[in-house]
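Subject: Handover of a structure and its description

Dear colleague,

Please find the structure below, together with its sequence.

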Amino acid sequence: MFRATRLLRAAASGGKNLNIGFPRFQNAGDLYKHIREITSPGGDYTVRNFVGVIEDISVASSTVETELFPRGALEFYTKKNMGHSYSKEEFDAWMMPERGGDQGDYRDGMPEKIANVIACLKSEPRSKRAIIPIPFPSEGSKTVDWTNQGQTKCCRELHLYIEDGKLKCTGILRMQNASIFPKNIHFFATLLDHVSKEIDVPLGEYTHWITNLCHDRSAISC
């Protein structure tokens, strides 16, 4: 009853979400097709400050299988980035440089970061502090080195919030190769599904904010 009262208070507080003005997509597959199309010149062709909203961010609707990312690869990389254990057989079968290296390795401290978000939203559903930062593997910002892929993560932060009685999220990405999007979105959807179940709040929309959007990993210094 106490938690239900908190959620009702959160819904009653109101507000406005300006993502209504951005392109909207029913699912991750639709957004994937769009970003592949708008980056089709390839190479170092870059679309900057792309924002898209995915209305159904469920794991099922966010499983975008491609030649580079069959289902087994998606599930392996998500397991890895969630900080879950995996076997040597899984690593040998799916780990490939073409699927992203240190820039897309988000596992360091991830279980603790997820637990912190859950605790935050359970305690205060209106909180603006439910974030998952992914800037560095272990070093701080003072030691940032642009030549170190581990310090130039593609995803920088996930911002989770409860709005209209639903768990929503905005992802902030420094860089998104359209070809790597299926891996990213499967991980984000799995993470959000876990948080949603833990706080007992249904999933809402996801906003994907990209500073640099390219077709694939052939882009310069991506």
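Two strands are said to pair if DSSP finds at least two bridges between them. Helices (H or I, at least four residues) and strands (E, at least two) are DSSP runs, numbered from the N terminus. Please note that this is a predicted model, in which local features need pLDDT of at least 70 and side-chain atom pairs count only at pLDDT 80 or more, while totals for chains, interfaces and linings use all residues. Residues are numbered from 1 along each chain as its sequence is written, and side-chain values use heavy atoms, with hydrogens and water left out.

Six strands make up an open sheet with mixed pairing, and their order is 1-2-6-5-4-3. At the edges are strand 1 (24-25) and strand 3 (131-133), each of which pairs on one side only.

Strand 5 (residues 166-177) and strand 6 (residues 203-214) run parallel and are joined by nine bridges. Along this pair, Leu 167 has Leu 203 as its bridge partner, Ile 172 stands opposite Trp 209, and Asn 177 stands opposite Cys 214. By contrast, strand 2 and strand 6 run antiparallel, with seven bridges between them; Arg 48, for instance, has Asn 212 in strand 6 as its bridge partner.

Strand 4 and strand 5 are also antiparallel, over eight bridges. They form a hairpin with two residues between them, and Asp 164 in the turn has a positive phi of about 55 degrees. Cys 155 has Leu 173 of strand 5 as its bridge partner. From strand 5 the chain crosses through helix 6 to strand 6, and this β-α-β crossover is right-handed (with the strands pointing away from the viewer, the path from the first strand over the helix to the second runs clockwise).

How far are these strands covered? A residue is called buried under 20% relative accessible area, exposed over 50%, and partly exposed in between (1.4 Å probe, protein chains only). Nine of the twelve residues of strand 5 are buried, so this strand is largely enclosed by the rest of the structure. Strand 6 is mostly covered as well, with nine of its twelve residues buried.

The helices

Helix 6 (residues 181-199) has 19 residues, which at 1.5 Å a residue should span 27 Å; its end C-alpha atoms are 27 Å apart, so the two values agree. The expected span is 1.5 Å times one less than the number of residues. After the helix comes Asp 200, whose phi is positive, near 60 degrees.

Helix 6 lies across strands 2, 3, 4, 5 and 6, running at about 160 degrees to strand 5. Helix 5 (residues 110-123) lies across strand 3, strand 4 (155-163) and strand 5, and runs at about 160 degrees to strand 3. Such axes are lines fitted to C-alpha atoms, for helices over the stretch in contact, and angles run from 0 to 180 degrees between N-to-C directions. Contact means heavy atoms within 4.5 Å.

The buried residues of helix 3 (residues 71-81) include Leu 74, Phe 76 and Tyr 77. These buried residues pack against helix 4 (88-94), helix 5 and helix 6. Just after helix 3, Gly 83 takes a positive phi of about 85 degrees.

Phe 50 belongs to strand 2 (residues 47-54). It is buried, with a relative accessible area of 7%. Beyond its neighbours within four places in sequence, Phe 50 contacts several residues, among them Phe 25, Ile 35, Trp 209 and Leu 213.

Asn 19 sits in the loop between helix 1 (2-13) and strand 1, and is buried, with a relative accessible area of 6%. Which side chain makes a polar contact with the side chain of Asn 19? The partner is Glu 205, at 2.9 Å. A polar contact is a pair of N or O atoms within 3.5 Å; within protein, one must be able to donate a hydrogen and the other to accept it, and residues adjacent in sequence count only if both atoms are side-chain atoms.

Yours sincerely
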